[in-house]
Amino acid sequence: MIPRELFQKIRRLEVRTRGLVDSLFGGEYHTAFKGQGITFAEVRPYQIGDDVRTIDWNVSARMGAPYVKLFEEEREQTLLLVVDVSGSQGFGVRGRTKRELAAEICAVLGFSALRNHDRVGLLLFSDRIEAFVPPRKGRRHVLRLVRDLYACRPGSTRTDLRVALDYLMRVLHRRAIILLLSDFLDMPDFERPLRALARRHDVVALQLQDPVEQTWPAVGLVELVDAETGRRRWIDTRSARVRAHLAEQARRRQAELEACFRRLQIDHVCLRTDADYVEPLLAFFHRRNRRR
């Protein structure tokens with residue numbers, strides 16, 4: 001039984017995202033992620049004008065006459081939403097947490113994929129696999145994914161993206177669109193398994209950020225508690241030197257992350273908890289469409 005409050009939250013989210021999909025995202029998603037490959041459909045007897053390169057010589061030899069292969073575009077695709085549910089995803093000082101932002105984005109992209117007749121699945125991870133819902137179609141299925149994301153009570157507060165990447169390599173046997181939603185903070189090095197995954201699938205990194213993580217306000221003495229390790233420390237945010245040091249750490253960390261995605265040729269989009277996600281996502285779709 002879904003708690004009434006959660007049901008109402010999902011219902012409000014469905015109404016909001018349905019409008020966005022109808023007016024903005026449906027067509028953009030289709031163009032950005034339309035099928036790129038072709039699959040074998042059947043063979044038929046050769047006809048004048050057919051490309052000789054399509055002749056199936058094995059079938060032709062068996063039948064005693066030339067036959068050609070026919071192909072069709074891959075239209076049905078698989079979208080997998082891979083969402084970090086570790087402790088840091090509960091952070092958000094203005095408006096909403098990263099996890100709430102992730103739920104909205106998953107709803108928008110899930111319904112967009114549904115409109116494109118794609119299948120949608122969900123993987124929730126921390127430093128372990130918290131939940132996996134195999135890809136399927138249908139409105140109720142997408143709503144179930146959103147519900148699972150809201151209702152998930154992770155068994156660990158820590159993060160290890162490598163666990164999720166290794167799991168995906170084992171369970172996905174056909175090419176898929178994989179959207180990684182995480183803040184990508186304080187993780188063990190994941191470049192190698194991500195490189196392997198990106199060779200087989202279309203991977204996009206959606207980085208969830210809170211503005212305080214880049215720029216600390218001067219609010220006096222603050223006790224910081226690491227949401228993933230529980231480690232505590234005090235900082236004096238009145239000090240310009242301390243704030244500059246924290247900002248430099250964040251800038252360096254972000255630069256290293258962006259360099260990693262560039263090396264792997266993985267699309268990367270930053271989405272903030274204090275800002276609308278519509279414009280950054282649309283800009284990403286437009287950039288991707290121009291490359292096609």
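## Basis of the description

The model is predicted, so that local features need pLDDT of at least 70 and side-chain atom pairs count only at pLDDT 80 or more, while totals for chains, interfaces and linings use all residues. Residues are numbered from 1 along each chain as its sequence is written, and side-chain values use heavy atoms, with hydrogens and water left out.

Helix α3 has 18 residues and reaches 26 Å from its first C-alpha to its last, close to the 26 Å expected at 1.5 Å a residue, where the expected span is 1.5 Å times one less than the number of residues. Helices (H or I, at least four residues) and strands (E, at least two) are DSSP runs, numbered from the N terminus. Of the 18 residues in α3, 16 are buried, buried meaning under 20% relative accessible area, exposed over 50% and partly exposed in between (1.4 Å probe, protein chains only).

Just after α3, H117 takes a positive phi of about 65°. N116 lies in the loop between α3 (98-115) and β4 (119-125) and is buried, with a relative accessible area of 9%. Not counting residues up to four places away in sequence, N116 touches Y29, H30 and Q77, contact meaning heavy atoms within 4.5 Å.

## Aromatic pairs

Rings of Phe, Tyr and Trp (its six-membered ring) pair if their centres lie within 6.5 Å, and planes under 30 degrees apart count as stacked, over 60 as edge-to-face and the rest as tilted. By this rule there are 4 aromatic pairs. The rings of F132 and Y167 have centres 5.5 Å apart and planes at 70°, so this pair is edge-to-face. Because F132 lies in strand β5 (residues 129-136) and Y167 in helix α5 (residues 161-171), the pair ties together parts that are 35 residues apart in sequence. F132 is partly exposed at 26% relative accessibility, whereas Y167 is buried at 18%.

## Nonpolar cores

A nonpolar core is a set of buried Ala, Val, Leu, Ile, Met, Phe, Trp, Tyr and Cys residues joined through side-chain atoms within 4.5 Å. The largest such core has 47 residues, and those with the most contacts inside it are I105, L179 and L206. Helix α3 gives the most to this core, with 11 residues. Apart from it lies another core, of 25 residues, among them V82, L161, Y167 and F184.
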